[in-house]
Amino acid sequence: MVKFSKELEAQLIPEWKEAFVNYCLLKKQIKKIKTSRKPKPASHYPIAQHSDFGRSLFDPVRKLARTFSDKLFSNSEKPEILQVRRRRNSSENGDDVDEIYQTELVQLFSEEDEVKVFFARLDEELNKVNQFHKAKETEFLGRGEILKKQLEILAELKQILSDRKKRNLSGSNSHRSFSSSARNSDFSAGSPGDLSEIQSETSRTDEIIEALERNGVSFINSATRSKTKGGKPKMSLRVDIPDAVAGAEGGAARSIATATSVLWEELVNNPRGGGGDFINRKKIQCAEKMIRSAFVELYRGLGLLKTYSSLNMIAFTKIMKKFDKVAGQNASSTYLKVVKRSQFISSDKVVRLMDEVESIFTKHFANNDRKKAMKFLKPHQTKDSHMVTFFVGLFTGCFISLFSIYIILAHLSGIFTSSAQVSYMETVYPVFSVFALLSLHMFMYGCNLFMWKNTRINYTFIFEFAPNTALRYRDAFLMGTTFMTSVVAAMVIHLLLRAGGFSASQVDTIPGILLLIFICVLICPFDTFYRPTRFCFIRILRNIVCSPFYKVLMVDFFMADQLTSQIPLLRHLESTGCYFLAQSFKTHEYNTCKNGRIYRELAYLISFSPYFWRAMQCIRRWWDESNPDHLINMGKYVSAMVAAGVRITYARETTDLWLTVVLVSSVVATIYQLYWDFVKDWGLLNPKSKNPWLRDNLVLRNKNFYYFSIALNLVLRVAWIETIMRFRVSPVQSHLLDFLLASLEVIRRGHWNFYRVENEHLNNVGQFRAVKTVPLPFRDMDSDG
């Protein structure tokens, strides 16, 4: 049977962990009470029990009668052993009132001091739970009122749009009838009616706009609205379209796509700029999606608060039953009555608001289809399938078997001899190294997912992934093993065909075909092979490449950091692309690309690109947040960019001058990166921490893991020393050593990932952030200045 402490640890909300009742602390206090209980001395017992006289024959009868009377009159005669007093504390402004509970012991205990400490801490925990629940309840109720107001504004705007469509249809019909009758008469009989209809609809629109403005919707130049030729008012509605919209609609990428479509429609409808009708279908749809996402997050927050109440109630019940068992008293009934009357249990505002959100969402966003509405409000997380585990094991076994076969065939065919190694390394090595590094990175990401799950780090919330489509660690392992099995199988087929006497120009196309297949799988539009993950990956890459023009989210700069560790992979893609575009697989002139000036210059561009993108993200974050730390972080990537360029130049010009420049630039960049890794990204090396040179809050219980990680990150950060020492003997050894160093950098990055997300998780925990704050489309007029 699982202990309740472990069950509570597994079910509680990680970001609100500190706000839950400290069950372990109270349990330890009960253990102190238990150890402090001592057997009563002999003098406390009646003398008759210790006299030299023998026992009476009527003693069992007396004992039975005493037990029966105690049970019969226990409810009426047994006094209460404690009283819980409630007092109200008002805040300084007098608006908010908090209820504070304080327990007083009526009956004395032999271990009275320990019992007093227990109930004092119990009262502290009860007051903490009540205050937190009240604060969150007030917050969510405020969100609900704002969302209902936003929904009313949206309904009014839809009404304006609907009236306009009707007016346009009636206007086009009346225009056709007026044109046919204008040949015989200068004035149409229906014209006065049409004018009055337009005037009434215009006044109706003006009334709606005035009502919206009173509700806080801002219309640009609403006081001086002019009219179009048809008599319709020109309206410019201020609808904010933020760059990041959290929720079930795909986060920032979906918001950006919507904003782009709105902007495009504005340019098409009003190519000359200025004026025009700014209430259109696209803006209404965008606002509706934002409000819908906000309702989803509100419902999720209310569900978390409901879970918070139920788990704390169970914790109080368990702890009081343990106290009764140890103290031999019946104190739980008295105290639990107070707990049930306290704010976090007695308040039904959360439940009523949840029901209201369900009905609103079903009516306005699901066409009165409750089943469809609950798919948005309560998305079901797909359970881990045993088939995924089976295929992970299957592909792992296939990979090991095929790799063993490849090693045997490689030695039998002699591809590593001096005559064949150049051809093989230039045709096969780059492409297969790309997939090997990618598979290793996927494996490390799977390890990250596994560790985040076991340590209850809410990575789906941090990265704003959809809970029902987020990648799990078994899926990551499956993708990695599938990649490696396919790559090794292609390598075995390549060797078999070469040994079979097939043309080298035909056999050497196998790596290119494999690369083409994986690109097709990546962009495949069909709902297969983890399409949400593939499309999310493509969107993130787009955001990275166009980083100055997109708001930078956590997942964007996290992925950009991964790319800075995959520069060897990008260099291999460059050589592979040049190899096949120049058709070197037919001529087998392998120096065509390496001796080309464009190819040599592209090496700088490819090595600079990940650092440049990351630096642009820092500039954008500084622009959005006005935090100078982002500019300092940008300097780290600029220094890394300089060090990478200098090392490429030194590989071509091995002079003492360039050696000195390499040492200086690499040392500066490494110190910069190490400081940022340990202090900023991991939050470690705090000399004032209660954990020496770490941080106050640690997810891993064993502190030695953190010290080991610091040392390992330091060693792997200085792997660039190999480029100066040049431990190379033959081309094969050179390529293998480069691949080993690239693999170590991928391992370092995967190791860095865990602590980076752990630090972000602890920041969320410190601020109790468990629900996204979704920006809303309609701003209050006061905020516009």
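Trainee: Is Y530 buried, exposed or partly exposed?
Mentor: At 28% relative accessibility, Y530 counts as partly exposed. The cut-offs: buried is under 20% relative accessible area, exposed is over 50%, and partly exposed is in between, with a 1.4 Å probe and protein chains only.

Trainee: What kind of model and numbering do we have here?
Mentor: The model is predicted, so local features need pLDDT of at least 70, side-chain atom pairs count only at pLDDT 80 or more, and totals for chains, interfaces and linings use all residues. Residues are numbered from 1 along each chain as its sequence is written, and side-chain values use heavy atoms, with hydrogens and water left out.

Trainee: Back to Y530. Where is it, and what is its phi?
Mentor: Y530 sits in the loop between α20 (510–522) and α21. Its phi is positive, about 55°, although Y530 is not a glycine. Helices here are DSSP runs (H or I, at least four residues), strands are E runs of at least two, and both are numbered from the N terminus.

Trainee: And R456, what about its phi and its place?
Mentor: Phi of R456 is near 55°, a positive value in a residue other than glycine. R456 is in the loop between α16 (429–454) and α17 (459–463). Its relative accessibility is 27%, so R456 is partly exposed.

Trainee: Switching to rings. How many aromatic pairs are there?
Mentor: The structure holds 35 aromatic pairs. Rings of Phe, Tyr and Trp (its six-membered ring) pair if their centres lie within 6.5 Å; planes under 30 degrees apart are stacked, over 60 edge-to-face, and the rest tilted.

Trainee: Why is the F119 and F323 pair edge-to-face?
Mentor: Their planes stand at 75°, so the pair is edge-to-face, with the ring centres 5.1 Å apart. The pair links distant parts of the chain: F119 is in helix α6 (residues 112–181) and F323 in helix α9 (residues 281–327), 204 residues apart.

Trainee: Are those two buried or exposed?
Mentor: F119 is buried, at 2% relative accessible area. F323 is buried as well, at 1% relative accessibility.

Trainee: Which residues do ring pairs link into a cluster?
Mentor: Y445, W452, Y459, F463, F465, F558 and W752.

Trainee: Where does R749 lie relative to W752?
Mentor: R749 lies over the face of W752, at 4.6 Å from the ring centre. The rule for a charge over a ring: NZ of Lys or CZ of Arg within 6 Å of the ring centre and within 35 degrees of the ring normal. R531 lies over the face of F535, at 6.0 Å from the ring centre.

Trainee: What joins the side chains of T564 and R749?
Mentor: A polar contact of 3.4 Å. That term means a pair of N or O atoms within 3.5 Å; within protein, one must be able to donate a hydrogen and the other to accept it, and residues adjacent in sequence count only if both atoms are side-chain atoms.

Trainee: What else does T564 touch, and where is it?
Mentor: Leaving aside neighbours within four places in sequence, T564 is in contact (heavy atoms within 4.5 Å) with P610, Y611, Y637 and R749. T564 is in helix α22 (residues 554–564) and is buried, at 9% relative accessibility.

Trainee: Last one. Which residues of α23 and α26 meet?
Mentor: From α23, I567, L570, R571, E574, S575 and C578. They meet Y599, L602, A603, I606, S607, P610 and Y611 in α26.
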